[in-house]
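Here are a few friendly notes to read alongside the model. Have the 3D view open and follow one point at a time.

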Amino acid sequence: MKTWHMVAALAAAAVLTLTIGLFPARAADADGCPQAAFGFTADERDRMHAAVTKARADAQAPGITAGVFVPGRGTWICVVGVSDQETSRAMNAADRFRVGSITKTFTGTAVLQLVERGLIGLDEPLSRYVDWPDGNAITIRQLLNMTAGVYNYTEDPEFIKRYQADPAGSFGPRDALDIARNHEPYFPPGQGFHYSDTNYILLETVVERVTGRSIGDWIAQEIVGKLGLDATNYPSTNALEPPFARGYDETPDPGDGATLRDVTESNPGYAGAAGAMVSNLRDLSVWAAELADGALISDRLQRERLRTVPLAEGADVSYGLGIADWGGWLGHNGTILGYNTAMFYLPDTKAVIVVEVNRSGLDTDHATPLFGALAKILYPDR
């Protein structure tokens, strides 16, 4: 474990908490942005503000929270819109969001911690831990970096209908794996790339069988607790712990194009270790840096984590062991019913960008394009 990383994380968290505390949520309109601004040029601040305003309009989102943190250059926090359409409560930088697939960064770290302890082998077959079709040919590494070929249960049409119809309904890992078993794999293990949430449900099963603990408990004790991520958790119920932003479905109610459906109450079992977690701006800004710098695992395993494979031939985006490389920015994004998120870290400048949006369907992403726009403003030549 890199102890200095934890010290740096706690120090950064204290600074950001102070920043947020000094700038309480403002009125739910564009003039409430920025909530905090230190450094950067006036032109950069204006352009970042414009990017957030455009993103909110394009998404028709109730609210957006965005944070940009560049050591020695500036800190900029923008909070616009509302966290609750019914009460018109203004969005707040401290609000929790469902972070979707950013959960994979925590699950991947948990797996690597167990590799560190000799309890899991990166290149051992899945069949050592779980009975699965082609389990003798699929490795833990291939599950982590999306080269296993396992069918993605969240692409199943019946699953999509079930989740959208009843987000708070009964569903769990066994249901997800049953769906995936009923579909052919995309390709033989190691012969391609296909992003699959099922991979991380299988990894959840591996972690729980090896440790005898739930994945949520492992993440809470061995990652979240050690880094002081106080607003981050792996929920066990449908409700969110306040303060939180309510989430809204991309699909309007039938017959009323102006109405969004509140889908805040959602069963975390639908996403599991692939996407169930909850966090906020402060914690994601800390976690983005810690993840990319390799806190809580050895340098050797961090090098393994950052061995990425391209999403497609010639793609600028590649994927490692529970982490994405987006043109040199390391991190992840997340889409889940009601919420979009993105968190990325640029190692050579230690810049962090976090975006949270409280409107989303299952196949939309408003946070990542906004991250890209903010990154381009800060680093136009990259």
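1. A definition comes first: a residue is called buried when its relative accessible area is under 20%. Please also keep in mind that this is a predicted model.

2. Start with strand β2, which spans residues 63-70. How many of its residues are buried? The count is 8 of 8, so by the under 20% cut-off the strand is mostly covered. Look at each face in turn: G63, T65, G67 and F69 are buried on one side, and I64, A66, V68 and V70 are buried on the other.

3. Next, see what lies beside β2 in the chain. Strand β3 (residues 74-84) runs antiparallel to β2, and 8 bridges join the two.

4. β2 has another antiparallel partner, strand β14 (residues 351-357), with 6 bridges between them. To locate this pairing, find A66, which stands opposite V355 in β14.

5. Now move to the largest pocket, whose volume is about 650 Å³. Its lining is made of 30 residues, and S101, Y195, D197, T335 and L362 lie nearest the centre. Two or more lining residues come from each of α5 (157-165), β10 (317-319), β11 (324-326) and β12 (329-336).

6. Which element gives the most to this lining? That is β12, with 5 residues. By type, the lining of the largest pocket divides into 17 nonpolar, 9 polar and 4 charged residues.

Methods: Residues are numbered from 1 along each chain as its sequence is written. This is a predicted model: local features need pLDDT of at least 70, side-chain atom pairs count only at pLDDT 80 or more; totals for chains, interfaces and linings use all residues. Side-chain values use heavy atoms; hydrogens and water are left out. Buried means under 20% relative accessible area, exposed over 50%, partly exposed in between (1.4 Å probe, protein chains only). Helices (H or I, at least four residues) and strands (E, at least two) are DSSP runs, numbered from the N terminus. Two strands pair if DSSP finds at least two bridges between them. On a 1 Å grid over the protein atoms alone, a cavity is a set of points where a 1.4 Å probe fits but cannot get out, and a pocket is an open set with protein on both sides within 12 Å along at least five of seven lines; lining residues have an atom within 4 Å of a point. Grid points are joined across faces, edges and corners, and a volume is the space filled by probe spheres set on the points. Ala, Val, Leu, Ile, Met, Phe, Trp, Tyr, Cys and Pro count as nonpolar, Asp, Glu, Lys and Arg as charged, and the others, Gly among them, as polar.
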